[in-house]
Amino acid sequence: MHPTGRAFAVVAFIEALTWAGLLAGMWLKYGPYENVALVKVFGPLHGAAFLVYVAVTLFAAVRLRWPWWASALALLAAIPPLVTLPLEWWFRRRGLLELRSLR
């Protein structure tokens, strides 16, 4: 795996992990416990992880020469919860995390 592909994989995992933490925090906040502690922790963490994911995705799209549809899918995957993980696994299987040659 190319180092840029590895960076994308790590950031995709962190983005999904912070999404999961934020979802758990929202469940605690709006659920039976009315506890906002996890939202206060994971809200800013997820915001930062989202911005880093977008930046790394754009960098990887240029550096690894992704087709337009792969770049669009990678950016859209950050919106629904936990979608960056299966997308990264699929990109890994398709070889999109390796350096592609110009054709």
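Biologist: Which residue forms a salt bridge with Glu-88, and how far apart are the closest N and O atoms?
Modeller: Arg-92, with the closest N and O atoms 2.4 Å apart. A salt bridge here is a side-chain nitrogen of Lys or Arg within 4 Å of a carboxyl oxygen of Asp or Glu. One caveat: this is a predicted model, where local features need pLDDT of at least 70, side-chain atom pairs count only at pLDDT 80 or more, and totals for chains, interfaces and linings use all residues. Residues are numbered from 1 along each chain as its sequence is written, and side-chain values use heavy atoms, with hydrogens and water left out.

Biologist: How many salt bridges by that rule?
Modeller: The count is 1.

Biologist: Where do Glu-88 and Arg-92 sit?
Modeller: In helix H4, residues 84-94. They are 4 residues apart, so about one helical turn separates them. Helices are DSSP runs (H or I, at least four residues), numbered from the N terminus.

Biologist: Is Glu-88 buried or exposed?
Modeller: Buried, at 4% relative accessible area. Arg-92 is partly exposed at 43%. Buried means under 20%, exposed over 50%, partly exposed in between (1.4 Å probe, protein chains only).

Biologist: Switching to aromatics. How many pairs?
Modeller: The whole structure has 6 aromatic pairs. The rings of Phe-8 and Tyr-53 have centres 5.6 Å apart and planes at 40°, so that pair is tilted. Rings of Phe, Tyr and Trp (its six-membered ring) pair if their centres lie within 6.5 Å; planes under 30 degrees apart are stacked, over 60 edge-to-face, the rest tilted.

Biologist: Which helices does the pair link?
Modeller: Phe-8 is in H1 (residues 3-30) and Tyr-53 in H2 (residues 37-63), 45 residues apart. Phe-8 is buried at 0%. Tyr-53 is buried at 0% too.

Biologist: Which residues make up the ring cluster?
Modeller: Phe-8, Tyr-53, Trp-66, Trp-69, Trp-90 and Phe-91.

Biologist: Now H2 and H3. At what angle do the axes cross?
Modeller: Roughly 170°, and the axes come within 10 Å. Axes are lines fitted to C-alpha atoms over the stretch in contact, with angles from 0 to 180 degrees between N-to-C directions. H3 covers residues 68-76. The two helices are therefore roughly antiparallel, a label for angles over 145 degrees.

Biologist: Which residues meet there?
Modeller: Tyr-53, Val-54, Thr-57, Leu-58 and Ala-61 in H2 meet Ser-71, Ala-74 and Leu-75 in H3. Contact means heavy atoms within 4.5 Å.

Note on methods. Angles under 35 degrees count as roughly parallel, over 145 as roughly antiparallel, 65 to 115 as roughly perpendicular and the rest as oblique.
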